[in-house]
Amino acid sequence: MTAKGANKVATLTDPTGKTIQLPIIDGSIGPSVIDVRKLYSDTGHFTYDPGYTSTGSCESKITYIDGDQGILLHRGYAIEELADKGDFLEVAYLILNGELPNKEQKAGFVKNVTYHTMVHEQMTQFWRGFRRDAHPMAVMCGVVGAMAAFYHDSTNISDPRQRKIASYRLIAKMPTIAAMAYKYSVGQPFMYPQNKLNYAENFLYMMFGIPCEEYKMSPVLAKAMDRIFILHADHEQNASTSTVRLAGSSGANPFACIAAGIASLWGPAHGGANEAVLEMLGEIGSKDKVGDAVKRAKDKDSSFRLMGFGHRVYKNFDPRAKIMQKTCHEVLGELGIKDPLLDVAMELEKVALQDDYFVQRKLYPNVDFYSGIILKAMGIPTSMFTAIFALARTVGWVAQWREMIEDPQQKIGRPRQLYTGQTQRPYVALEKRG
Ligand code: SDX
């Protein structure tokens, strides 16, 4: 194949000598793409890319990642600036609408989200059907999917107004649903959202408030929670976002699509890694055991991996991990907490980053490596870590879902395959089978 700069085409020659020209399309920044949409009709060949390591599934204007430089931009703004100077709902507005809101737009958006935070009272009955020890992500999958059984006035995806209402409902109600999952697991009453609180404060209140006394809000924890939400808001075409886009491409209602995203995020290779990191650090137990863990992680015969390490795109530091590490020290310092797991995490990072195995494979800490230590310091149980990831990522899922629906090139996603199974063969009667 010779990619020609001038005509911006890639020429493909197959074994029969047949050549075809495939257009090369440039983005505003980042890798160009070779447009293979005509490849099968012109050559009879499919592309083959399990795990989509070299495949662009869509055009998007929302998030840009440069994995080599460790850059993450939302609508052109660096995550470092957004995490430092913005707040979650402002970043949510940016991701959804493409621009930072002015004062009036921000006030309107915050009001809209605030006044959608309650769930339909009848939905509380769902929890009666769950076991108290149900994983919060199982509850989130079920309850979010069931929102389609309540909010019939925002399931028509062809109506922009209904798409907008569904977006607000999902962003607004996820903290309420997540907190309800936690309250149910500890046998405490659900706490209703308080309109006087901001998004992060409201979540902490619904998690830790009780009817018997006034909840004392910690500004440090609320700020840290808001920053954790920002760091998890969106991340290009990751597994769960791609799941939401694929589900949405069939015209499924937004609540069903987000429930599909929650299911995909739950996996330990994806959003479930933050929970797995805490379990791993606990299993390692102390700094002097870190060397053994690194050895096990390198052992091909062992399925053990350093959870919170490695990334499909980042082959440098995940910029979110750096911000999370800084926040970790701030929160533990403010709370006067000395968590031995933080010492284990820092020793693990130090040892791994000096080890050839990790250096050669460009395995660095990712967003999940430090988040769990902060959440644990905030008193949040490990089982809730991925639910918090899902809560924040709902902004990205909704924005990407809306972008997909509004994309004129959008069609139902329907990949093909490389078939290596049996060729056609005749049916064998039961009595004649071996
Ligand atoms: C998230 O895509 C996103 O953007 C996701 C996310 C988001 O915001 O949406 O960033 C959130 O999911 C972060 C990732 C959380 N997952 C983990 O921390 C789980 C541990 N890490 C991995 O399992 C792994 O690194 C992945 C899944 C994250 C990426 O896997 P890839 O890109 O498919 O890479 P790979 O599995 O092919 O690994 C390449 C090599 C392999 O070794 P070799 O076969 O070349 O010898 O690196 C090794 C792997 O064995 N490797 C690891 C490792 N991760 C990769 N070895 C030890 N420990 C690890 N963590």
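**From one residue to the whole chain**

Analyst: Gladly. Leu265 has 0% relative accessibility and therefore counts as buried. Buried means under 20% relative accessible area, exposed over 50% and partly exposed in between, with a 1.4 Å probe and protein chains only. This is a predicted model, in which local features need pLDDT of at least 70, side-chain atom pairs count only at pLDDT 80 or more, and totals for chains, interfaces and linings use all residues. Residues are numbered from 1 along each chain as its sequence is written, and side-chain values use heavy atoms, with hydrogens and water left out.

User: Which helix does Leu265 lie in, and which residues does Leu265 touch?

Analyst: Helices (H or I, at least four residues) and strands (E, at least two) are DSSP runs, numbered from the N terminus. Leu265 lies in helix α11, residues 254-265. Contact means heavy atoms within 4.5 Å. Not counting residues up to four places away in sequence, Leu265 touches Met137, Ser240, His270, Gly271, Gly272, Thr386, Phe389, Ala390 and Trp397. Ala390 is 125 residues from Leu265 along the chain, yet their C-alpha atoms are separated by 7.1 Å.

User: How do I read contacts and burial for the chain as a whole?

Analyst: Look at sequence separation. Among contacts in the chain with a separation of 6 or more, 69% join residues 24 or more positions apart. As for burial, 47% of the 434 residues count as buried.

User: How many helices and strands are there in the chain, and how compact is the chain?

Analyst: The chain has 18 helices and seven strands. Its radius of gyration is 24 Å, close to the 22 Å from the globule rule for 434 residues, so the chain is as compact as a globular protein of that length. The radius is taken over C-alpha atoms, and the rule is 2.2 Å times the number of residues to the power 0.38. Along its principal axes, the C-alpha trace spans about 80 × 65 × 55 Å.

User: Which residues come nearest to the ligand?

Analyst: A residue is near a molecule if one of its heavy atoms lies within 4 Å of it. The ligand has 24 residues around it, of which His235, His311, Arg312, Arg320 and Arg393 come nearest.
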